[in-house]
Amino acid sequence: MSRKNRIDPESADQNEKITAGAATAAADSASQTVDVSSLPRGYVLRKLFTSTLYLSAFTFGGGYVIITLLQKKFIDELHWIDNDEMLDLVAIAQSSPGAIAVNGAIVIGSKLAGIPGILCAVLGAVIPPIVILTVISGFYAAFRDNFFLHALLQGMQCGVSAVIFSVVWDMAAGTFRERDKVNLFILGAAFVCNYVLKVNVVFIILACIGVGLIRAVIRGRRSA
Amino acid sequence: MIYLQLFLAFLQIGAFSFGGGYAAMPLIQAQVIDHYGWLTAADFNDLVTIAEMTPGPIALNAATFVGNQIAGIPGAVIATFGVILPSCLFVSVLAALYAKYRNLATMKEVLHSLHPAVIAMIFAAGLKIVVPALFPGTGAATAVSEFSLRHLLIFLGALFVLRKWKSDPIKVMVGCGAVELAYECAARYLF
């Protein structure tokens, strides 16, 4: 007992130094991403599965909501993906056929852990809807007309939109900081096309790819 | 045989619904009501309402709902598998191409031009949810009399909590639901 007491202060001091060092290192790299390939594979796969399962089980309001939540999780919390790459991945998810939530899970799974990653992420995204709908389809009239559920969902819609706005806030700040006039124009035009004119997302993405190709050609000529 | 039909019907829905949930709706309708007659139009309306009230993409919810009605739980699993299979193939190929070519100058320029569009569309998705929430009953921003100050306050409160404390978004969402539920219960039983 007494021996332990003698050693403890020293080791505690050492521990403190180590944790303090780790904390500053973490603070330094707060804006950088973690190298996922250095993490144990089982841990990455487990994290992928539990993240998509949790988000899919609580995400009301469609694919974009889960995309914003995945962004928060993998950029802000885990630092496994950086902001630019995430936007690329979201563009891939949007321009592909099928449910955006599932596509989002696939791109993230594939980026972090290849084909096993895809399987884990998709499985997590798919289980909650199957279970919940199976349970509900037995007594859906009662479910549909339930007063308490309606109130709960109404409130949650306000929360969902707050989450989306918060994520857009962070992302748009990056675009405005760049002061790239063409990109600011694309931001406004894409919004008007999508929200006011109700143009299908795929056409908006194709148009942006066209703009990007033209810019690449112009840049190529300038440097030549 | 019914399993194969379910699989093929939802495979088509998964393969051709570009642009997310609401693009999938007419495809689901065409397969499930018009072609196979698995649901009536009234059933379909119920399905849409339930899909909006439960988490998960509408195409997946439809697959589970229809699969269950037609062939029980195996039907639900097979229909769901059909609806996600095209995504898995298509997106995996695109993701692999992206990983390989993302550092090409042309690719960078294209992706750089895509970023603001992606942000704009996510913002539009947020508006599509908040407008009906702030103007309950009508679902349109035109009827000023329907405006709900309470919902605006919940929205702003949630935004504040998210920005200030970087809270877990799911907890914020559930919290908003609890606030509204408490208000509605109080309004119904106390006053």
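Me: Which residues lie nearest the centre of the second largest pocket, and how many line it?

Reply: In this predicted model, the second largest pocket has a lining of 19 residues. Nearest its centre lie Ile75(A), Asn83(A), Asp170(A), Met171(A) and Gly174(A).

Me: What is the volume of that pocket?

Reply: The volume of the second largest pocket is about 400 Å³.

Me: Which helices each supply at least two residues of the lining?

Reply: From chain A they are α3 (63–77), α4 (83–95) and α7 (147–178), and from chain B α5 (105–134). The largest share belongs to α7(A), with 7 residues.

Me: How does the lining divide by class?

Reply: The lining of the second largest pocket has 7 charged, 6 polar and 6 nonpolar residues.

Me: Turning to α3(A) and α4(A), at what angle do their axes cross?

Reply: The two axes cross at roughly 155° and come within 11 Å. Angles over 145 degrees count as roughly antiparallel, and α3(A) and α4(A) are therefore roughly antiparallel to each other.

Me: Is the crossing left-handed or right-handed?

Reply: The crossing of α3(A) and α4(A) is right-handed.

Me: Which residues make the contact?

Reply: On α3(A) they are Tyr64(A), Ile67(A), Leu70(A), Gln71(A) and Ile75(A). On α4(A) they are Asn83(A), Met86(A), Leu87(A), Val90(A), Ala93(A) and Gln94(A).

Me: How many of the contact residues are nonpolar, polar or charged?

Reply: The contact of α3(A) with α4(A) has 8 nonpolar residues, 3 polar ones and no charged ones.

Terms used
Residues numbered from 1 in each chain as written. Chains lettered and ligands numbered in written order. Predicted model: local features only at pLDDT ≥ 70, side-chain atom pairs only at ≥ 80, totals over all residues. Heavy atoms only, no water. 1 Å grid on protein atoms, 1.4 Å probe; cavity = no way out; pocket = protein on both sides within 12 Å on 5 of 7 lines; lining within 4 Å. Points joined across faces, edges and corners; volume = space filled by probe spheres on them. Helix = DSSP H or I, 4+ residues; strand = E, 2+ residues; numbered from the N terminus. Nonpolar A, V, L, I, M, F, W, Y, C, P; charged D, E, K, R; others polar. Axes fitted to C-alpha atoms, helices over the stretch in contact; angles between N-to-C directions. Parallel < 35°, antiparallel > 145°, perpendicular 65-115°, else oblique. Left-handed = near helix turned anticlockwise from the far one by under 90°. Contact = heavy atoms within 4.5 Å.
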